[in-house]
Amino acid sequence: MLRVSLVALLVCCGTTFAQTPAPCMTPEQFTMRASQYDHKDDVINRFYVAYDSLNKRRAIFEEQDVVIPGRQFREFLILNNDNLMYEINLSQKTCTKSMPRPWRPYAIPANATFETEYYIGGPGEQVFATEWSDRIPYRQREYWIGVFSANNCFPIREVIIADYRNVNSTITSNFYDIVEGIPNPNDFIPPEYCQNATFAMPSVKVPYL
């Protein structure tokens, strides 16, 4: 009886470990739309993003679907291989440049902790997703949470917590309308009026995308 119980326990444990997925590989190039909620500023902004991890570059366009009198719309062209970020004012046709943040891919870190998996949506419209974090069990709580589609590993949602003691330091991003590949390579080419751009601090908070 004891032997049977031990075998059953080993089978159960083996099944549990086998069901824990490994981090998937996010596609290297895609475009998407994103909504980002800055809890500190209590504001939601929407963007169109072209992403190219092969060349460590991304183009972030503020979406112009919200009509706010006097608002200036911008593109943030981030070229990490060139160690440059262009802040392009699309409304005034002006351009400045600065140093970019370190490259951060839309990917699951190899040492990420698997949290859970679930279906997003209702019957007939579900996407199977996996959720990961940088939590170290019994040692460190999470400062990053990422949700990715299980089939193709596209990013779905991301939560970044700069300071767990202050909930307002959180940034929550949702990703949608994703298209694999780069439909318009010109998204990564700065306009002509950026040729004479000078170095300056960014005039606004750069989206954490």
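In which strand is the place of Phe128? Phe128 sits in strand S8, which covers residues 127-133. Keep that residue in mind as we walk through this predicted model, starting with the whole chain and then coming back to the phenylalanine.

The protein chain contains 1 helix and 12 strands. An open sheet of 12 strands shows mixed pairing and the order S7-S8-S9-S10-S11-S1-S2-S3-S4-S5-S6-S12. Strands S7 (113-120) and S12 (198-199) stand at its edges; each has a single partner strand, so one side of each is left without a neighbour in the sheet.

For a look at one pairing, turn to strands S5 (residues 84-89) and S6 (residues 94-98): they run antiparallel and are joined by 5 bridges. Here Glu87 stands opposite Thr96 in S6.

The protein chain has 209 residues, 38% of which count as buried. Its accessible surface is about 12800 Å², with 55% belonging to carbon and sulfur atoms. Among contacts with a separation of 6 or more, 47% come from residues 24 or more positions apart.

Now back to Phe128. Its relative accessibility is 28%, so Phe128 counts as partly exposed, a class that lies between buried, under 20%, and exposed, over 50%. Leaving aside residues up to four places away in sequence, Phe128 touches Glu117, Tyr118, Tyr119, Phe148, Ser149 and Ala150. Tyr118 is 10 residues from Phe128 in sequence, while their C-alpha atoms are 5.8 Å apart in space.

Definitions and conventions
Residues are numbered from 1 along each chain as its sequence is written. This is a predicted model: local features need pLDDT of at least 70, side-chain atom pairs count only at pLDDT 80 or more; totals for chains, interfaces and linings use all residues. Side-chain values use heavy atoms; hydrogens and water are left out. Two strands pair if DSSP finds at least two bridges between them. Helices (H or I, at least four residues) and strands (E, at least two) are DSSP runs, numbered from the N terminus. Buried means under 20% relative accessible area, exposed over 50%, partly exposed in between (1.4 Å probe, protein chains only). Contact means heavy atoms within 4.5 Å. Accessible areas come from the Shrake-Rupley method with a 1.4 Å probe; for residues, only the protein chains shown count as cover.
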